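Have the sequence and the 3D view open as you read.

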Amino acid sequence: MHSIVINIGNTNIRFGLFNNDNCEISWILNTKPYRTSDELQMQFMMMYQTHKIDAANIEKIIIGSVVPQLTYDVSRAIQKIHNQKPIVVDRTTPSGVQPKSKQMGTDIYANLVAAHHLYPADKKKIIFDFGTALTASCINESGETLGVIIAPGIITALNSLIHDTAQLPEIELVKPKHVLGLDTVSCMQSGMVYGYLGMVEGFVDRINDEVEDDCFVIATGGVSHVYKPLTDKIQIADRLHTLKGLYYLGKDL
C-alpha cells in the first residue's frame, strides 16, 4: 500500500511517501509565508511531479498537525488532488501509547508512538525533537507517557539572538573547530551547538535519575544530525521519526 504522510509543523510541512511501513521519499515545504489552499495545491502537485508520484496510486493520506488553520487548508488541497479525504490523526487517535494529557501536541504523541513501535521494548525511551521548540518526551516499556519537557528550539533561539542584536550575523549551524571561539561566527556556533548539547545531555541525566533507568534516546527534527555525532547519550538520529509515528497512528484507520 502506498500512503502519503504529512506532518504540519510551525516552521515546515514534511511529506513522506510510504510503501507499506517503509518511507521511500521525503521532502519539506516551508509553512511561511501563509498560502491559500489553491496555492498549496499547486505546490503539492509540483512536488509530486518532481518526485514522480502519481496521485492515483496513493491509497491513503495521513495528516498530523500542530497548526489548526493549516490543517484545514492542507486537507482541502490534498482532497482536490486525490479525490479522497485525508485521515487526520491527533492525541485522541487510539494507539499502544497512553498520552495522559489533553494538552499533548500531535507531534509529541507521534514521536512517542514511533518510539514504542520501533525501539527496544524492554527499555524506557526519550525522544528529543529539535524543531521550532526543543521537546524531550519519555515513555515507559508499556507505552505509558512519563512526561515531557519543552524548551525554545535551537533555530528559534538563534533567530532571536540575531534579530535582537545589532552586530551578530546569521550563521550556519555546524560544529565549530574549538569550544572557545576567536571570531563572532565561531563564538556563536559554539554557543548554539555546545550550549544546546549541554542542555540535551543534562536532560538525559536528569530524566534517567527521575525514572531510575538508562533510557534509550532518539533524536529527530531538522538539526538533530548536528548533535548526534557529538554525544554518546543519543543512540539514534532519525529525521523521519515523527512521520513514522503519524504513519503508525493512521495505518489501520
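How many aromatic pairs are there by the ring rule? The count comes to eight aromatic pairs. The rule takes rings of Phe, Tyr and Trp (its six-membered ring) whose centres lie within 6.5 Å; planes under 30 degrees apart count as stacked, over 60 as edge-to-face and the rest as tilted.

This is a predicted model, where local features need pLDDT of at least 70, side-chain atom pairs count only at pLDDT 80 or more, and totals for chains, interfaces and linings use all residues. Residues are numbered from 1 along each chain as its sequence is written, and side-chain values use heavy atoms, with hydrogens and water left out.

| Ring pair | Centre distance | Plane angle |
|---|---|---|
| Phe15 and Trp27 | 5.1 Å | 5° |
| Phe18 and Tyr247 | 4.7 Å | 0° |

Phe15 lies in strand S2 (residues 12-19) and Trp27 in strand S3 (residues 22-30), twelve residues apart. Helices (H or I, at least four residues) and strands (E, at least two) are DSSP runs, numbered from the N terminus. Phe18 is also in strand S2, while Tyr247 sits in helix H7 (residues 241-250), 229 residues away.

Phe15 is buried at 0%, and Trp27 is buried at 6%. Phe18 is buried at 0%, and Tyr247 is buried at 5%. Ring pairs also link Phe15, Trp27, Phe44 and Tyr48 into a cluster.

Asp129 is in strand S6 (residues 125-130). Asp129 is buried yet has no salt bridge (a side-chain nitrogen of Lys or Arg within 4 Å of a carboxyl oxygen of Asp or Glu). Which side chain of opposite charge is nearest to Asp129? That is Arg14, 8.8 Å away. Lys and Arg count as positive and Asp and Glu as negative; His and the chain ends are not counted.

Now follow the strands. Strands pair if DSSP finds at least two bridges between them. Six bridges join S6 to S7, and the two run antiparallel. Ile126 has Cys138 in S7 as its bridge partner. A hairpin of two residues connects S6 to S7. Seven bridges then join S7 to strand S8 (residues 145-152), again antiparallel. Six of the seven residues of strand S7 (residues 133-139) are buried, so S7 is largely enclosed by the rest of the structure.

Note on methods: Buried < 20%, exposed > 50% of the residue type's maximum accessible area, 1.4 Å probe, protein only.
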